[in-house]
Amino acid sequence: VSMADREAKRKAAKTLWEKGIVNWKLDSNQMELYRAYHNRTTTDLVWVMSRQTGKSMAMAIIAIEECLNRPNLRIAYVTPQKNQSRTVVEKNFLQILDDCPSKLKPKYNSVTSTWHFDSSKSIVKVAGIDGGHIENLRGQTFDVVIIDEAGFPAAQDFEYALESVLFPTMTTVQNPVMIMITTPPKTYDHPFNKYWDRAEKQNSLILKTIYDCPRLSSSQIAKIEERYGGKKSIAFRREFLVERIPDTNMLVIPEANKKTMFEIENRVVQEVNRPPYFFAYTSADYGVMDSNAVLFGYYDWQNGILVIEDELLMHGAEYDTMKMANEIKNKEDTLWDDKTKIMRYCDNNLQIIMDFNNLAQLTFLATRKDNKQAAVNELRMKITNGTIKINPKCINLISHVQNAMWDKSRSKYQKALDHHYDALDALIYMVRNVDYNTNPYPSNYFLTGSFVSPKYDELNKNPVNSAFKSIFTVKRRKK
């Protein structure tokens with residue numbers, strides 16, 4: 001490029017900056033985001049995009065251009081971590097502002113983490129969600145809120161940031177907008193997913209894969225595919241094809257995928273016919289101040305299937321021992337008659353067990369809790385081979401089984417938004433304590449015609465059955 005061309009390019013850039021036009025720095029893929037922002041018809045915009053597609057850069061360009069053109073505009077730019085907000089955002093801003101005329105360049109205040117545009121009196125306030133840093137935005141007012149990598153803060157931190165801090169900052173402004181940009185979260189139950197679903201219904205969702213990025217050549221994309229183990233690898237599909245797939249390496253029950261749980265013929269989630277005889281089980285995990293999960297099931301001895309018929313999920317702050325006991329009794333009375341043999345097992349909290357026994361006349365036995373990994377593996381095998389069935393109405397149990405993730409030590413679960421996956425533990429207790437050997441049927445049940453056929457007379461008319469019966473008929477010699 002000649003010196004004359006560079007000078008012409010510099011003058012053109014200066015002219016565009018002075019006119020408040022920065023969108024010329026966007027590629028065709030990013031321009032779609034730009035147009036979606038300016039042509040929006042809803043308050044919330046959700047953009048789920050592959051890595052390497054320049055989503056953060058696009059968002060920074062939109063923020064800078066808005067601050068140049070709209071006096072007294074206030075933008076909050078939020079990232080999962082404070083360090084990320086100060087490094088990634090600052091890096092993008094400095095790269096974009098490299099050819100900006102000095103008189104238009106914003107000044108960065110590192111103490112308040114704020115970019116100040118003197119020409120328009122507009123600002124971009126940068127903040128992280130982690131470690132309580134989101135509190136720095138509490139009580140302020142913003143016209144635009146940008147949440148970068150919205151699928152990656154801890155679930156409870158994300159929900160708190162939105163509901164308690166960010167949404168209130170926009171209540172008094174005209175035409176506010178909140179933009180969430182991210183790759184898919186690693187769990188199905190991350191609260192970002194509900195905004196994803198809502199945006200899809202409102203037609204304010206944009207999905208972009210790695211193949212939509214015009215800045216990457218086919219050979220560059222091929223190298224990314226190879227690095228992630230191919231197109232079919234879970235990591236590549238989530239990070240670059242923007243599919244909602246959890247991190248199976250951290251899932252407690254990785255076999256509890258959509259296909260196994262809902263789609264194949266021998267699926268886990270389905271209603272089944274109850275056998276005439278069975279032993280019933282009530283299994284509970286008490287979270288005390290969190291959630292208390294109780295499951296109700298039975299073992300179909302003839303078919304070798306454990307069936308979960310119903311559930312209760314009670315939040316600890318709302319329930320004392322007697323209230324929980326009454327809920328459990330009512331559920332058992334609804335499901336089973338007074339002739340049903342019920343065995344109850346729960347977490348080995350002896351005080352709770354004594355309270356149930358003495359105050360509510362509800363007998364629970366303490367479960368074993370040793371070798372949890374072996375107990376988890378047993379449940380995984382039952383899900384794999386279809387020897388456990390869960391009624392579709394057990395929505396909390398289904399969610400807990402599909403979404404529970406180990407923490408880094410793989411000794412306990414990561415905490416979800418409002419629970420500790422207590423229903424999963426209740427299921428593990430039931431699997432541990434079911435009597436898989438004792439036959440619940442009467443001793444003569446399998447010898448009666450009623451078992452073979454409801455119409456025993458028709459059975460005797462069958463020539464094959466008649467011949468079979470004659471084998472066991474005592475024949476007397478004629479005298």
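Residue E66 sits in helix α3, which covers residues 55-69. Helices (H or I, at least four residues) and strands (E, at least two) are DSSP runs, numbered from the N terminus. The model is a predicted one, in which local features need pLDDT of at least 70 and side-chain atom pairs count only at pLDDT 80 or more, while totals for chains, interfaces and linings use all residues. Residues are numbered from 1 along each chain as its sequence is written, and side-chain values use heavy atoms, with hydrogens and water left out.

E66 counts as buried because its relative accessibility is 8%. Here buried means under 20% relative accessible area, exposed means over 50%, and partly exposed lies in between (1.4 Å probe, protein chains only). Apart from neighbours within four places in sequence, E66 is in contact with Y37, H38, L73 and I75; contact means heavy atoms within 4.5 Å.

Next comes a sheet. Eight strands form an open sheet with mixed pairing, in the order β3-β4-β5-β2-β6-β7-β1-β8. Two strands pair if DSSP finds at least two bridges between them. At the edges are β3 (107-109) and β8 (205-208), each of which pairs on one side only. On average, neighbouring strands of this sheet are turned by 15° against each other, direction ignored. Axes are lines fitted to C-alpha atoms, for helices over the stretch in contact, and angles run from 0 to 180 degrees between N-to-C directions. Strand β1 (residues 44-49) runs parallel to β8, and 4 bridges join them. In β8, L207 is the bridge partner of V48.

Helices pack on this sheet. Helix α2 (residues 28-38) touches β1, β6 (144-148), β7 (177-182) and β8, and its direction makes about 170° with that of β1. Helix α3 also packs on the sheet, touching β1, β2 (74-79), β4 (114-117), β5 (122-128), β6 and β7; the direction of α3 makes about 165° with that of β2.

A further open sheet has 6 strands and mixed pairing, in the order β13-β12-β9-β10-β11-β14. Its edge strands, β13 (365-366) and β14 (388-390), each pair on one side only. Strand β11 (residues 305-315) pairs with β14 in the parallel sense over 3 bridges, and I390 in β14 is the bridge partner of I308. Helix α13 (residues 395-403) lies across β10 (291-300), β11 and β14, running at about 100° to β11.

Q270 lies in the loop between α9 (258-263) and β9 (279-286). With a relative accessible area of 16%, Q270 is buried. Leaving aside neighbours within four places in sequence, Q270 is in contact with E265, K389, I390, N391 and P392.

Helix α14 (residues 422-433) has 12 residues, which at 1.5 Å a residue should span 16 Å; its end C-alpha atoms are 17 Å apart, which agrees. The expected span is 1.5 Å times one less than the number of residues. In α14, 12 of 12 residues are buried, among them D422, Y429 and R432.

How many disulfides does the whole structure hold? A search finds 0, where a disulfide is a pair of cysteine sulfur atoms within 2.5 Å. The sulfur of C67 is too far for a bond, because the closest cysteine sulfur, in C100, is 12 Å away. C394 is in no disulfide either, and the nearest cysteine sulfur, that of C346, is 19 Å away. C67 is buried, with a relative accessible area of 0%, and C394 counts as buried at 0% relative accessibility.
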